[in-house]
Each structure stands twice: as C-alpha cells, then as structure tokens.
Amino acid sequence: MMLVIYNTLTRTKEPFITLEEARVKMYCCGITTYDFCHLGHARTCIIWDTVRNYLEWIGYEVKYVQNFTDVDDKILSRAIKEKTTMEEVSNKFINAYFEDMERLNVKKASVYPRVTHIIDDIQNLIGELEKSGHAYLSEGDVYFDIKSYKDYGKLSGRKLEDLKAGASGRVSLEDFQKNKKRDPADFAVWKKAKPTEKSWDSKWGKGRPGWHIECSAMIKKELGETIDLHVGGSDLIFPHHENEIAQSEAITGKELSRYWSHNGMVKVDGEKMSKSLGNFTTIRELLDQFEPMVVRLFILQTHYRNPLDFSHNSLVAATNSWQTLSDGLLFGYQYGEKLNFKNNPATELLPDLVNRFKKAINDDFNFAGGLAVLFEIAKNLRKESNVLTHTGVTTLSSNFLETQWHTLKSLAKLLGLEANQTTLKIELFKKLTDEEIDELVKKRKIAKNAKQYKESDLIRDKLKENNITLLDMSDGSTVWHYD
C-alpha cells in the first residue's frame with residue numbers, strides 16, 4: 001500500500017517518493033506572533049502534526065521545520081499599543097502558542113526558526129537575487145522582478161497578465177503609483193525602514209525583510225535547496241507560496257518542493273475564520289468549553305483539504321464521539337485486571353484492522369477513514385464492557401480483547417488521541433456541597449496558574465459531568481452554576 005497524496009502543484013494525486021530513501025524534509029508555514037492562536041491555526045498545526053506522526057509510523061525519518069514570523073506590521077502595532085517592544089510581544093505569543101499546542105497534544109517541530117534570528121541569511125539570499133538580475137533596488141526597497149521568472153503562477157494557476165497591483169501581498173498600491181516598481185505584481189523582498197519600526201543595517205540601507213523571502217531563507221538554511229513536502233493553509237497558495245517558489249527557484253534552478261499540500265480553511269457562517277474579520281475563536285477560549293481531545297477529534301473528522309465548518313453544535317457532536325473513543329481507550333485500565341490482561345507493550349496489533357487503517361490514510365491522509373476503524377474497535381470494547389458489567393463475563397476471549405485494546409491505543413496515539421487514565425482514579429463528584437465545589441474551583445485555578453492544564457481540564461470536565469458549568473470571567477475570577 002503506497003502512500004498517495006494530492007499535490008497542489010500538479011493538481012492530482014501522486015505516489016509519495018522522497019528525495020532520499022526513508023527520509024522526509026518537511027516545512028510548514030507557521031504563525032505571525034502578534035496574538036493568541038485561533039481554531040484555524042489549530043487545524044493547520046494538528047493536521048500537519050498528524051501527517052508527521054504518520055510518516056514516522058510508516059518508517060520515515062522526518063525533519064519537520066515550522067517558522068515563526070516575529071517581524072511584521074501587526075506585531076509593531078501591538079507593541080505600540082501595549083507600550084512594549086516587538087520582541088516582547090513575539091515572545092509572549094510564542095510561549096502562548098507552545099502552551100496551546102501542548103494541550104492539543106501537538107508535538108514540537110524539529111526546528112522553529114525565527115525571522116529575527118536569520119537576518120544575515122535573508123540578506124544573502126536577497127543579494128543573490130539582485131546579482132542574478134531577479135531583484136532590483138528602488139528608493140530603499142528591493143523588489144523581486146516576477147517577469148524574470150518564466151514559471152510564475154504555476155502553483156496557483158494565475159496568469160501574469162491577470163495579476164493586479166497590490167496582489168503580491170502586504171505591499172500597498174502606492175508603490176506602483178509612485179513608479180517604485182517595474183511591474184504592479186512585483187513584490188518586496190526588503191522594505192525600507194519606517195521611523196517607528198525595528199530595522200537592520202544592510203547594503204540597501206536600514207530596513208527589514210519582506211514576508212515571502214523569510215520562508216525561502218529558512219528552508220534553504222534548515223533543509224536545503226529542495227525539500228520533499230511543503231505544507232500550510234490553502235490561503236497561502238497565493239501569493240505567499242507562489243512567491244516562495246519564484247524567488248527560490250530563480251536562484252537555484254531546482255524545484256523548491258516536490259510536493260505541496262494545503263489544508264482547507266475553518267469557516268464560520270460561510271466565511272474564513274480570521275482575525276481580520278473578527279469572527280475567530282481562540283484556542284484558549286475553546287478549551288475552556290471543550291476537552292482538548294474533542295477539538296483534535298473535531299478537526300480530524302473532516303478531510304484536511306475540505307473546508308471545516310465551525311459551530312458550537314459541531315463541537316458538542318464531537319464531544320459525544322470522543323466519549324465513545326475514550327470509553328474504548330480506557331477499557332484495559334478499567335477491566336484489565338479483572339480480565340487478566342498481561343499488559344505486554346510488545347503485544348502485536350490486529351493486522352486486518354491495521355491494514356484497513358493504513359489503506360484509508362495512504363489515500364491522501366484520509367484520517368477520517370482511519371477514525372472509522374478506531375470507532376469500530378471502541379464500540380466493540382464498549383459493548384463488551386456492558387456485557388461484563390451485567391453478566392460478569394465477556395463474549396470474546398481476554399487475549400483477543402487485550403489485542404483489540406492495544407490496537408486501538410496504538411492507532412489512536414498515532415492520531416494524537418489519548419485518553420487520560422487518571423479519570424478512572426477520581427471518583428465522580430456526586431451531591432457536592434457549595435463549599436466542596438468552591439474548593440474544586442480553587443484547585444483548578446491553582447493548576448491553571450501553574451500551567452498544569454491537564455489537571456485543570458480534568459477538574460472542569462468532572463464538574464461538567466455533574467451538570468456544573470464554570471465561567472472564567474475577565475477579572476480572573478471563576479463563577480459556577482448548575483445546568
């Protein structure tokens with residue numbers, strides 16, 4: 001069963017064949033560090049984290065690079081508003097990013113390059129572009145000349161003659177109106193510094209990098225001239241990834257990436273979830289209402305290339321689905337001793353289930369198809385737990401049930417879905433007094449302040465099971481009420 005993936009560049013599914021046998025060089029465009037991440041970011045991070053997990057599981061060694069854009073007008077605006085520096089703003093939201101990802105069970109990338117750490121590499125790349133005639137200086141700005149690259153538009157399918165001024169992204173129409181650019185679609189690789197912003201010395205004068213050149217420099221530094229897999233949100237196909245290709249391939253004469261994969265957008269009422277539209281829900285806000293595994297499951301239930309429709313009801317449905325999976329994942333912890341499970345980590349997995357799981361995912365990372373296999377196992381284990389509870393015996397042998405359970409745990413872990421077995425060690429809260437509830441709320445706050453999010457989430461979820469809802473207020477206090 002060969003892995004086949006959809007390549008945005010060729011607009012078709014292709015067998016996945018890497019540059020080096022059993023090795024994958026993978027790059028994902030990361031966040032701009034000026035605010036908390038929202039569900040759209042969570043989808044991108046969870047999807048490509050799961051892809052990385054799967055590639056490793058089927059035998060690849062993966063070097064996974066994800067960048068941070070820590071120089072940007074939006075970061076500067078926030079720094080001015082908060083009377084601080086761009087560095088402090090970026091550090092704050094990079095730390096928040098890692099906290100959010102840990103709760104969502106997203107593993108860390110191999111490397112996290114930051115723009116401010118590779119300014120010399122970026123300047124060297126711009127110098128190569130200028131020397132080879134692909135870039136030119138104009139009034140302190142350096143622009144990429146898109147007419148110098150004959151294949152411009154091959155990723156997005158856009159024709160050069162159809163492009164309009166300002167379409168190159170994060171560049172104003174004023175540039176062309178002042179005759180600063182040779183062509184309206186040329187884009188900046190180096191921007192002349194404004195008086196209020198952070199800048200670096202260069203042979204072109206004080207300035208800072210353009211948006212697109214950052215990723216080209218990071219890829220070249222961390223992964224080389226050609227990589228195996230470049231991923232990100234579909235909103236980056238044009239202009240960002242198109243421009244990456246142009247500026248990288250113009251210098252090397254080699255393809256930047258063999259495969260390009262893009263996840264669909266999260267939509268709210270038919271519109272892309274984004275900070276600019278003000279229709280976003282931060283990961284933190286979401287995790288105050290739903291378990292992290294619910295959010296992860298919600299994202300994986302829709303094929304990565306399709307839009308993901310967000311609503312409160314869809315998360316409620318995912319909560320019910322997670323309960324089914326969670327019951328199956330906890331089966332061995334709950335009944336293993338009674339059924340004499342051997343708890344051997346080397347227990348082999350059921351080949352038929354594994355093959356069906358792999359067959360689904362090998363078809364362009366169809367995690368929803370893989371989940372169908374997991375739900376089948378979980379439902380069977382839940383059925384056996386009900387039989388065991390009522391009759392004292394199971395309809396299937398102990399050895400077979402243990403193998404089923406190990407298969408479920410292993411495949412679910414691959415998708416980043418893990419049940420917290422400590423829930424079995426905590427008694428259900430029943431008929432709690434107000435004082436007892438207040439004490440639990442206090443313990444949750446202490447856990448949150450200590451960044452022990454699993455513990456704080458556990459307390460919240462157990463209270464919710466007993467129809468007690470918590471509301472975190474803007475002043476830092478928490479109130480509770482019965483549903």
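Buried here means under 20% relative accessible area, exposed over 50%, and partly exposed in between, with a 1.4 Å probe and protein chains only. This is a predicted model, where local features need pLDDT of at least 70 and side-chain atom pairs count only at pLDDT 80 or more, while totals for chains, interfaces and linings use all residues. Residues are numbered from 1 along each chain as its sequence is written, and side-chain values use heavy atoms, leaving out hydrogens and water.

Start by selecting aspartate 49 and arginine 52. Both sit in helix H1 (residues 39–57), three residues apart, about one turn of the helix; helices are DSSP runs of H or I with at least four residues, numbered from the N terminus. The two form a salt bridge, with the closest N and O atoms 3.0 Å apart. A salt bridge is a side-chain nitrogen of Lys or Arg within 4 Å of a carboxyl oxygen of Asp or Glu. Arginine 52 counts as buried because its relative accessibility is 4%, and aspartate 49 does so at 0%.

Next, pick lysine 206 and aspartate 201, another salt bridge, at 2.8 Å between the closest N and O atoms. Lysine 206 is partly exposed at 48%, whereas aspartate 201 is exposed at 55%.

Now jump to glutamate 384 in helix H13 (residues 367–391). What is its nearest side chain of opposite charge? That's lysine 383, 5.7 Å away, and buried glutamate 384 has no salt bridge (Lys and Arg count as positive, Asp and Glu as negative; His and the chain ends are not counted).

Last stop: show Arg103, Asp457, Arg460 and Asp461, which are linked in a network of salt bridges.

Conventions: Helices (H or I, at least four residues) and strands (E, at least two) are DSSP runs, numbered from the N terminus.
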